[in-house]
Amino acid sequence: MSYIRVLFVCLGNICRSPIAEFVMKDMVSKRGIADKFYIASAATSTEEIWNGIGNPVYPPARKELAKHGISCEGKRAVQITKADYGKYDYILGMEQRNIRNILRIVGMDSEGKVKLLLDYSDDPRDIADPWYTGDFESTYRDVVEGCEGFLRYLEKNKLVQ
Ligand code: 4NP
C-alpha cells in the first residue's frame with residue numbers, strides 16, 4: 001500500500017509547520033487512518049539550523065500543542081530539499097511567501113503538489129503567523145481548519161477511506 005505523503009512547510013520549521021505536522025498526525029491517528037499517511041514538516045530557510053542540527057519546536061508552539069494533548073517530542077527543524085518534491089504528494093505552505101520560497105528550492109511545480117494549507121478550507125488565506133504577535137492560539141485554530149479541510153478533500157476524492 002502506498003502512503004499519502006504530506007510535507008508541511010514554513011520559514012523556520014519551529015512554529016507553524018510543526019504545529020501542522022503534529023495536528024495532522026493527531027487527526028489521522030484519532031480517525032484510525034494514521035497508517036495511510038507519511039507526514040513531516042520542513043523549513044524554507046536555514047535560520048533555525050546550526051551546523052546541520054535543527055532547533056527543537058519553539059516553546060510557545062510546543063505549549064500550544066500540549067494544551068491540546070499533542071506532543072511534538074523529538075522534532076527538530078530541517079530544510080526542504082529539491083529531492084523532497086519527488087518524495088511527497090502534497091507540499092503545503094503556511095503562507096504565500098513560503099510557496100515562492102518552496103518553488104525556488106524545488107523548481108517548477110509540474111505535478112501541482114505545492115499548495116497553501118488553507119487552500120483546502122472554505123476561506124483560502126495565509127495561516128496566522130505567531131512570530132511577531134505571540135498569538136499561537138490563532139495559528140493552532142487556522143491549522144486545524146486547514147487540516148480538517150485537507151482531510152475532507154482527500155475523503156471526498158476517495159484518496160483516503
Ligand atoms: P515559523 O516561525 O516559520 O512558523 O517556524 C519562524 C521561525 C523563525 C523565524 C521566523 C519565523 N526567523 O526569523 O528566524
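Start at lysine 67: with 53% relative accessibility, this residue counts as exposed. The cut-offs are under 20% relative accessible area for buried, over 50% for exposed, and partly exposed in between, with a 1.4 Å probe and protein chains only. The model is predicted, so local features need pLDDT of at least 70 and side-chain atom pairs count only at pLDDT 80 or more, while totals for chains, interfaces and linings use all residues. Residues are numbered from 1 along each chain as its sequence is written, and side-chain values use heavy atoms, with hydrogens and water left out.

**Stop 1: lysine 67 and its partner**

Distant parts of the chain are linked here: glutamate 137 sits in helix H6, lysine 67 in helix H2, and 70 residues separate them. A salt bridge is a side-chain nitrogen of Lys or Arg within 4 Å of a carboxyl oxygen of Asp or Glu. Helices (H or I, at least four residues) and strands (E, at least two) are DSSP runs, numbered from the N terminus. Glutamate 137 is partly exposed, at a relative accessible area of 45%.

**Stop 2: the helices behind that pair**

Axes are lines fitted to C-alpha atoms, for helices over the stretch in contact, and angles run from 0 to 180 degrees between N-to-C directions. Angles under 35 degrees count as roughly parallel, over 145 as roughly antiparallel, 65 to 115 as roughly perpendicular, and the rest as oblique. H2 passes H6 in a right-handed crossing. A crossing is right-handed if the near helix is turned clockwise from the far one by less than a right angle, and left-handed if anticlockwise.

H1 and H6 pack at about 50°, with axes 9 Å apart. This pair is oblique too, and the crossing is right-handed.

**Stop 3: glutamate 155 and arginine 31**

Stay on H6 and select glutamate 155. Its salt bridge goes to arginine 31, with the closest N and O atoms 3.9 Å apart. Glutamate 155 belongs to helix H6, arginine 31 to the loop between H1 and strand E2 (37-43), 124 residues apart. Glutamate 155 is partly exposed at 35% relative accessible area. Arginine 31 is partly exposed as well, at 42%.

**Stop 4: glutamate 95 and arginine 16**

The salt bridge count comes to 13. Select glutamate 95 and arginine 16 for another of them: the closest N and O atoms are 3.3 Å apart. Glutamate 95 lies in the loop between strand E5 (90-93) and helix H4 (96-106), and arginine 16 in helix H1 (residues 16-30), so the pair ties together parts 79 residues apart in sequence. Are these two residues buried or exposed? Both glutamate 95 and arginine 16 are buried.

**Stop 5: cysteine 15**

Move to cysteine 15, in the loop between strand E1 (4-10) and H1. At 6% relative accessibility, cysteine 15 counts as buried.

**Stop 6: tyrosine 132**

Finish on tyrosine 132, in helix H5 (residues 130-133). Tyrosine 132 is exposed, at 76% relative accessibility.
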